[in-house]
Each structure stands twice: as structure tokens, then as C-alpha cells.
Amino acid sequence: MSIRSLIPSIVTHCFSVQCQCSQTQARAAVFHTPHGIVETPRFMPVGTLATVKGLTPKQLQETGAQMILANTYHLHLQPGEELVASAGGLHGFMGWDGPILTDSGGFQVFSLADLRTIAEDGVQFKSPRDGRIINLTPEKAIAIQNQLGADVIMAFDECPPYPATKEAVTAATERTYRWLKRCIAAHNNSQQALFGIVQGGVYPDLRQAAARQLVELDLPGYAIGGVSVGEPGNLIDDIVKVTAPLLPDNKPRYLMGVGTYREMVRAIASGIDVFDCVIPTRLARHGAVFVRGERWNIKNARFRNDLAPLDETCPCYTCQNFSRAYLGHLWRCQELLVYTLLSIHNITELIRFTQRIREAILGDRFLAEFGHWLED
């Protein structure tokens with residue numbers, strides 16, 4: 001461990017690899033930020049609108065969450081970055097004192113395709129809230145994130161859909177690089193680490209070229225974007241395997257929008273450090289729970305009279321206090337409490353899963369304990 005990693009208060013951000021698997025690219029590291037550390041590999045819960053749906057900051061902390069994600073585009077629409085800044089940034093506004101990452105709005109270029117127009121200057125959106133026109137440029141995305149005050153901010157990018165022609169993906173990837181350089185020029189807050197995003201669709205040569213270009217810019221961290229946009233899981237694996245080894249060993253690597261057991265293990269084996277996904281809270285709102293690598297539906301009849309906890313080994317508030325039968329009862333009654341209780345468990349489970357992977361890497365047991373997830 002370097003001297004710099006021992007004195008994080010002297011530097012704004014510091015990333016230190018502690019151990020690497022002897023048989024794969026999996027690694028355990030510590031990422032220091034102005035609001036605390038992130039021990040990787042780590043799953044990050046998504047708090048799009050400055051809240052992880054259904055959970056208080058205290059409940060979120062108890063899940064083991066270290067860093068959470070919020071959304072630049074949606075916070076710009078409501079409540080506006082000026083109000084957030086006046087409250088002391090996202091940390092003060094939402095009452096979360098740990099690390100925060102904000103995306104740039106680039107994913108909305110994909111997800112709101114029917115409401116936007118892309119040009120070289122930026123993207124024009126029609127607000128789904130009130131129909132007003134929103135112009136989001138690289139400079140504007142950075143300015144918004146500077147006011148939101150997250151520890152890590154993302155460059156504005158164009159996330160192409162799947163499927164898309166190679167010509168279309170090439171154009172989006174080249175534009176993303178041009179926008180990244182504009183983001184770098186616009187960013188002037190040393191308390192925030194600006195990460196670049198590797199695009200390139202499912203085309204290995206585009207991914208490799210984009211990664212090499214971004215590495216030359218010597219950014220504080222790098223993300224792989226444009227995955228989990230409709231492509232099969234095996235293509236996500238291929239993208240990560242091609243891209244991750246080209247990213248610097250001494251910088252954090254972030255795989256955007258991924259959060260299933262299988263996806264995370266396979267990405268970690270290729271050298272990815274952090275992930276984010278809405279899946280634990282979204283599935284909770286549909287009665288689905290993660291238990292020891294499986295996905296259960298709490299609405300199923302087999303749980304109606306089952307007085308056992310979801311997982312007797314889980315330390316979360318839900319498992320320590322409530323039974324499967326009670327959770328199923330809440331669901332059938334559509335009581336709001338069930339969304340919170342299932343979300344607490346799902347987030348805790350995915351974070352514990354990545355914590356167990358971290359411990360296995362540190363003990364050089366990664367393949368022995370998680371190798372079955374790598375089998376086709």
C-alpha cells in the first residue's frame with residue numbers, strides 16, 4: 001500500500017489495489033474520496049432523485065452501502081441544481097454523508113430516444129414532466145454536476161442502443177470522445193473526480209480504440225458504458241473482457257448499469273471494481289427478492305405459511321425481524337412497508353455478495369468460491 005493511500009486527507013481522491021487474484025484479473029482495492037472510502041469490488045445502490053427508493057439514509061447505511069449514485073438529468077428537472085447547491089450539495093440535501101457518484105445524463109440519450117435530438121453541440125430533450133425544452137451540452141452536464149457536488153462525476157456521453165449499425169456506433173463513440181474533451185475543459189472542481197466513459201457498442205475494435213484514446217487523457221477513473229441496453233449477456237461479457245484490460249491498473253474501473261450476480265462475478269473476473277443498477281429496488285417493488293444467488297417471488301404460495309426469515313444468515317433489518325409469511329402478507333395487502341423491507345434485503349444481499357467476493361480475492365479463493373458463475 002502506498003504512502004498516499006494512508007493519508008487520504010492530503011489528496012482528494014486516491015485508488016490503491018490491495019490484492020489481485022492469481023488466476024484472473026479480479027482485484028480488491030480501496031478508493032478514497034472526500035466523503036469516505038469505497039472498498040472494491042462493490043455494488044452501488046441507485047438513488048436517481050437523491051433518494052434510494054423506499055429507504056432512509058440510516059437504513060441505506062445499514063445495508064453496507066458505501067457509495068451511491070444519483071442522476072444529473074432528473075435532478076436538473078426536479079428540484080434543480082441551484083436548490084441542491086444551496087442545501088450544501090447532494091450530501092446535505094439528502095442527508096447522506098458517504099461518497100456519491102452522479103451520472104451525466106448520457107443514459108437518458110438512450111432511454112429517452114423519443115424525446116431527444118442529438119447534435120454536435122449536445123442533446124435537446126423535451127421534458128417528460130412539462131414539455132419544456134432542455135438543452136444538455138457537455139459543459140452544462142459538468143456545470144450541473146459541479147453544483148450537485150458529488151465525489152465522482154461522469155463525462156457526458158452518447159449511449160448508442162442495441163442493435164445499431166457499426167457506422168452509427170462509430171459516430172456515437174467519436175462524438176463521446178469529443179464531448180469528453182469539452183467536459184475536461186469545463187471541469188474546475190478539484191474535489192470531484194471526473195470519469196470518462198468508454199463506448200463502442202458490441203464492436204471490439206471500437207471499444208479498444210476508445211479505451212486507448214481515453215487512457216491517454218489520464219483521468220482519475222474510467223467507466224464502461226453502453227452495456228445492458230438490450231444486448232445478450234454473453235455480449236456484455238465480451239465487451240468487458242475486451243475493454244477492462246486496456247484501462248489503467250491504478251485507476252478505478254466502473255461498469256455502468258450492471259447488478260446481477262452473474263454479471264458482477266464475470267465483470268470482476270475481468271478487473272471491474274464498482275457497479276450500479278436499479279435492480280434491487282425495482283424488483284423489490286414487484287415482490288422479487290435475492291437470496292443466496294437465487295431470485296424468489298415473495299408472492300408465491302410456498303411462502304404463505306413460512307415463518308423463517310428470507311435468509312437466516314443475512315444481518316439485514318428485514319431478515320432479523322420478519323418472516324417470509326409476513327412479507328408475503330404485506331405484499332398481498334399492498335402495504336407500503338413491504339417495498340422498504342424487500343429493498344433493504346435486496347440491497348444488503350448484493351452488497352454482501354460483492355463483499356464476499358472481495359474477501360475471496362484477498363484470500364486468493366476467488367475461483368474456488370465463485371468460479372461456478374464463470375461457467376457457461
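**View 1. The open three-stranded sheet of the predicted model**. Three strands form an open sheet in the order β1-β2-β3, and their pairing is antiparallel. The edge positions are taken by β1 (14–20) and β3 (36–40); each has a single partner strand, so one side of each lacks a neighbour in the sheet. On average, neighbouring strands of this sheet are turned by 15° against each other, direction ignored. Strands of a sheet pair through backbone hydrogen bonds, in either a parallel or an antiparallel manner.

**View 2. The pairing of β2 with β3**. Strand β2 comprises residues 27–33 and is joined to β3 by five bridges. The two strands run antiparallel. Opposite Gly36 in β3 stands Thr33.

**View 3. Helix α15 across the sheet strands**. Residues 337–362 make up helix α15, which lies across β1, β2 and β3. Relative to β2, helix α15 runs at about 120°.

**View 4. Cys314 and Cys316**. A distance of 3.5 Å separates the sulfur of Cys314 from the closest cysteine sulfur, in Cys316. This distance is too far for a bond, because a disulfide requires the sulfur atoms to be within 2.5 Å. Cys314 is buried, with a relative accessible area of 0%. A search of the whole structure likewise finds zero disulfides.

Terms used. Residues are numbered from 1 along each chain as its sequence is written. This is a predicted model: local features need pLDDT of at least 70, side-chain atom pairs count only at pLDDT 80 or more; totals for chains, interfaces and linings use all residues. Side-chain values use heavy atoms; hydrogens and water are left out. Two strands pair if DSSP finds at least two bridges between them. Helices (H or I, at least four residues) and strands (E, at least two) are DSSP runs, numbered from the N terminus. Axes are lines fitted to C-alpha atoms, for helices over the stretch in contact, and angles run from 0 to 180 degrees between N-to-C directions. Contact means heavy atoms within 4.5 Å. Buried means under 20% relative accessible area, exposed over 50%, partly exposed in between (1.4 Å probe, protein chains only).
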